[in-house]
Amino acid sequence: MINENLNEINRLNNLIEALVTITDIQDNQKFIKNQIKPEINYILEEYKSIITEKKINIKHKQSKDFCILADKEYLYILLSNIIKNAIKFSNN
């Protein structure tokens with residue numbers, strides 16, 4: 001029961017941290033136009049060693065580059081998490 005309570009406390013703590021981060025994002029919005037393709041290529045280059053280690057072949061098609069109005073730092077975090085999870089949960 002103590003372990004279950006500790007797990008719940010950790011979950012709630014993570015939720016609070018996420019809410020604080022969201023508040024910070026809203027307070028410090030620095031929206032600029034960001035091209036998606038270069039961001040994805042940069043992140044894939046960062047994870048190149050893990051991709052090679054897992055022997056994963058990544059293909060991403062984009063007919064044309066497009067821009068998104070977002071905070072560059074948070075856009076990087078978002079794309080990086082998506083790509084990292086895709087690599088992490090892919091079979092070798």
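I then went through the elements. Helix α1, residues 2-27, has the lowest mean pLDDT among them, at 82, while α2 has the highest, at 92. A reminder to myself: where pLDDT is low, the predicted coordinates should not be read in detail.

**Entry: α2 and α4**

Next I looked up how α2 and α4 meet. At what angle do the axes of α2 and α4 cross? I found roughly 55 degrees, with the axes of α2 (residues 36-46) and α4 (residues 72-88) coming within 10 Å. I noted the pair as oblique because of that angle; angles of 65 to 115 degrees would have counted as roughly perpendicular. The crossing of these two helices is right-handed.

I also listed who makes the contact. From α2 I wrote down I36, E39, I40, Y42, I43, L44 and E46. From α4 the partners are K72, L75, Y76, L79, S80 and I83. Sorted by class, the contact of α2 with α4 has nine nonpolar residues, three charged ones and one polar one.

**Entry: I87**

I stayed with α4 and picked I87, which sits in that helix. Is I87 buried or exposed? I put I87 down as buried, because its relative accessibility is 4% and the cut-off for buried is under 20%. Then I looked for its contacts, leaving aside neighbours within four places in sequence: I87 touches Y47, I50, I51, K54, I56 and I58. I checked one pair by distance too: I87 and L6 are 81 residues apart along the chain, and their C-alpha atoms are separated by 30 Å.

**Entry: S49**

My next stop was S49, in helix α3. With a relative accessible area of 53%, S49 is exposed, since the cut-off for exposed is over 50%.

**Entry: K55**

Last I turned to K55, in the loop between α3 (48-53) and β2 (67-71). What is phi of K55? I read a value near 55 degrees, which is positive in a residue other than glycine. K55 also counts as exposed, its relative accessibility being 72%.

Definitions and conventions: Residues are numbered from 1 along each chain as its sequence is written. This is a predicted model: local features need pLDDT of at least 70, side-chain atom pairs count only at pLDDT 80 or more; totals for chains, interfaces and linings use all residues. Side-chain values use heavy atoms; hydrogens and water are left out. Axes are lines fitted to C-alpha atoms, for helices over the stretch in contact, and angles run from 0 to 180 degrees between N-to-C directions. Helices (H or I, at least four residues) and strands (E, at least two) are DSSP runs, numbered from the N terminus. Angles under 35 degrees count as roughly parallel, over 145 as roughly antiparallel, 65 to 115 as roughly perpendicular and the rest as oblique. A crossing is left-handed if the near helix is turned anticlockwise from the far one by less than a right angle, and right-handed if clockwise. Contact means heavy atoms within 4.5 Å. Ala, Val, Leu, Ile, Met, Phe, Trp, Tyr, Cys and Pro count as nonpolar, Asp, Glu, Lys and Arg as charged, and the others, Gly among them, as polar. Buried means under 20% relative accessible area, exposed over 50%, partly exposed in between (1.4 Å probe, protein chains only). pLDDT is the predictor's confidence in each residue, from 0 to 100.
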